Amino acid sequence: MAKLKNTSVGRRGFLKGAAAGAAVSAATLVTPQLTEAQQQGAGRGGRGGGQGGAPQPDGSAIAREDGTARPAPVSRIVENPGSDYMCDVIKALGIEYVSFNPGSSFEGLHESLINYTKNNPEIITCTHEENAVAMAHGYAKACGKPMLALLHGTIGVQHAAMAIYNAYGDRVPIVMIAGVGDTAVPAHTAVDLGAMVRDFVKWDHQPDTLTGVGQALIRAYKLAMTPPMAPVLVTVQAELQMGAMPANRPQVPKFTMPSAPSADLASVRQIAKDLVNATNPRIAAGRVRTQEGMDQLVQLADLLQCPVAGGGDRMTFPNRHPMAGNGAGGAADVILSLEAGGGGGGGRGGAAGGKTIVISTAELLATHNYNINGNGVNGDVYIAADPEATLPALIEEVQKLMTPDKKRLFEDRGKKHAEANRAARATAAEAASVGWNASPVSLARIAAELWPLIKNEDWSYVSPQNFAGNWANRLWDMKKIYHYLGGQGAGGMGYGAPASVGAALANRKNGRISINIQTDGDMNYSPGILWTAAHHRIPLLSIMHNNRGYHQEVMFIARAASIRNRGQENSHIGTRLIDPNIDYAMMAKAYGMYSEGPITDPKDLAPAFKRGIERVKKGEPVMIDVVTQPRG
Amino acid sequence: MLSRSLAAKEIMKKLVFGILAPASALGLLAVSALAQQGDAGRGKKMFVDYSCYACHGFSGQNGPGRRLVPMKMANVAFTAYVRSPGTNQMPSYSAKVLTDAQLADIWAYIKTLPDSPEAKDIPLVQQLKAEAGK
């Protein structure tokens, strides 16, 4: 009984100082469950003295872990908890959504979000912390601002680690709060909780006071949103959430976003001169942040009449713009590399021969341990600045240098580039005919059949394209920043499904149709995200790219076996998702989502897509399972 | 390999038991011709088991690998190519891994795979091409 009383009191720090009678009462209430747990433990021979080894968890810990724990009786009232103040700060940051899988280390904040802010920001219930963070990843890419993800002490952070790593690699802002100090299960707290993800967040902090929490959240947000963007983590003690606010309620700190770093004017003028005087300039566009940035890039390309090569990673430039592509060829004498290569975006870097001018934030973020984006482009001129913040001044300087002669010259070269790009696009479209009637269905056919159904809608392709043959990019008219949101960031599977749901959440308020070509391997990492989409009525058309395997690995294993001269008849072992085949339509139904399939005849695609889009337009998530060719 | 051996035995059995029994020399020629022609049924299984589909698609024409349909190479040229593709993308396959007869089977199967319609005969592709070429 004495042990039980100690356990009950020790379960929460906030119970310290409570009346002894209340503690005894609490112990009495939980006794039957704990006794049962103790008996089970004794029965396994793992408890009691003389066994040696690691210290045994107490009854409360076991109850927590086996799910029999009940909240201890409340012995005091705290009507102005610290977590209410945290919510004030969160609201001041303009956070619209908070995603999490519930955990007792942030139950104070959870309760405030429900009853103090009245579910505004809206709580998004996730079945896995990886989903909570990956949702925030997709959301930020779709709407350009972070949402908040809450993580349980140690285990929640560990579950989230892969998604954080992806977001870090993708230079995507996410604000995360991890709870710490829930002492019920020793394994769920840590002296330095942020340590395990410190190598792949931009900043983390564990404040000691409530005021410090407010300041940390403001700083975290600013750091996350200042290029180069990245996830940030604030660890908040359970006691600060559950305890009362100080008599003088802390003020929400002043919040002013810093402007992004831009190139100095002297450098901008020199770059403008180099570009205007070049015979065959090129732009390698790795990343822009906003629609305005994309429009500015168009303006620059129109002025210079030079080709712009995007990296295939997110939208940087309209794909049917006359200057989109590699142009008419010829050696480039000046290459303007904007956040390309190792700067967190795709895009080609410099080329031999020509002068390469780099504007990138890559050098503003020293990565530790993980050289996540490799080494940056080696430029002849390197400006550590945000390209988008620099473009207005660069455009202005180029305009100043334009003369009628230059303009005529540029228009002539522009016509050649435009014709080459137009021919390349037509060839790419024609290639969609290959395997047109094939079963399993070709990925080109999926993109081709979808396009007529969405082209007059407001739409957003929210999943990665790299495993789907980039057919949307080849066939669709992509001209808005949200028309394609890019890949995983660090190549971690388990991103596609939850990030698509997060992006669809951001697109929901705009009535935008979100499209997810969902690879089967990725889907199976954490399929509970389907329930989240259904529960929160997040409209999203998911089309399974169901090639029934971890297809990239099929190719690599087959190749390895061939190199070793061992034959390939065993290459399916450990790589294929067959025997039994997974029924994704049934899976989606189980989570409460409308679904169709599996579709194996390409003639069935268009009617199914049409039905799906109608439902999505009404606000539903939809899953259509298509059995596909392995790759595009 | 086992199925290949059994097939050969079956052919030999037919030869011995009268179908072509009197003309053993002619029979051997028939076996050789069959080997060259390949067995598409066996080839279909090997196309999957040996992961040909992985790079070339189940259709033989969708994927990062070279388009195999329509198969324009003769069996001999196909075998020579697989033995030594001369590219970093496709690994070579020795006779230890795939015999000439097995490659003939795969080749025969690829020959049965339907070709794609021409882009000009697909209205949707024409529409996409027209849009993209604007």
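Trainee: Let's start with chain A: what share of its contacts with a separation of 6 or more comes from residues 24 or more positions apart?
Mentor: Contact means heavy atoms within 4.5 Å of each other. Take the contacts in chain A with a separation of 6 or more, and the share from residues 24 or more positions apart is 79%.

Trainee: What pLDDT do local features need here?
Mentor: Residues are numbered from 1 along each chain as its sequence is written, and chains are lettered from A and ligands numbered from 1 in the order in which they are written. Side-chain values use heavy atoms, leaving out hydrogens and water, and this is a predicted model, where totals for chains, interfaces and linings use all residues, side-chain atom pairs count only at pLDDT 80 or more, and local features need a pLDDT of at least 70.

Trainee: How much of chain A counts as buried?
Mentor: Buried means under 20% relative accessible area, exposed is over 50%, and partly exposed is in between (1.4 Å probe, protein chains only). Of the 632 residues of chain A, the buried part is 56%.

Trainee: How many helices and strands are there in chain A?
Mentor: Both are DSSP runs numbered from the N terminus: helices are H or I with at least four residues, strands are E with at least two. By that rule chain A has 21 helices and 16 strands.

Trainee: In what order do the strands of the open sheet in chain A come?
Mentor: Two strands pair if DSSP finds at least two bridges between them. This sheet has 5 strands, and the pairing is parallel. The edges are β12 (459-461) and β15 (594-599) of chain A, each pairing on one side only. Across the sheet, the order is β12-β13-β14-β16-β15.

Trainee: Which residue stands opposite A:Ile515 in β14(A)?
Mentor: β13 (513-519) and β14 (540-546) of chain A pair in the parallel sense over 5 bridges. In β14(A), the residue opposite A:Ile515 is A:Leu541.

Trainee: What is the bridge partner of A:Ile357 in β11(A)?
Mentor: A:Ile357 is in β10(A), where it stands opposite A:Leu336. β10 (355-360) of chain A is largely enclosed by the rest of the structure, because 5 of its 6 residues are buried. β10(A) pairs in the parallel sense with β11 (381-384) of chain A over 4 bridges. In β11(A), the partner of A:Ile357 is A:Val381.

Trainee: How much area is buried between chain A and chain B?
Mentor: Buried area is the accessible area (1.4 Å probe) that two parts lose on being put together, summed over both. The contact takes 39 residues from chain A and 35 residues from chain B. Carbon and sulfur atoms give 58% of the buried area, which is about 3,100 Å².

Trainee: Which residues does A:Gly435 touch, not counting those up to four places away in sequence?
Mentor: A:Gly435 sits in the loop between α13 and α14 of chain A. With 2% relative accessibility, A:Gly435 counts as buried. Leaving out residues up to four places away, its contacts are A:Ser442, B:Gln61, B:Asn62 and B:Ser116.

Trainee: Which elements of chain A are among those covering the buried residues of α7(B)?
Mentor: In α7 (123-132) of chain B, the buried residues are B:Leu124, B:Val125, B:Leu128, B:Glu131 and B:Ala132. They are on the same side of α7(B), because they cover an arc of only 125 degrees around the axis, the arc being that of the directions from the helix axis to the C-beta atoms. The cover includes, from chain A, α13 (404-430), α14 (443-454) and α15 (471-475).

Trainee: Which residue of chain A meets B:Glu131 in a salt bridge?
Mentor: A salt bridge is a side-chain nitrogen of Lys or Arg within 4 Å of a carboxyl oxygen of Asp or Glu. The rule finds 3 of them across the interface of chain A and chain B, including B:Lys129 with A:Glu430 at 2.8 Å, N to O. B:Glu131 is buried at 11% relative accessible area. Its partner, at 2.7 Å N to O, is A:Lys455.
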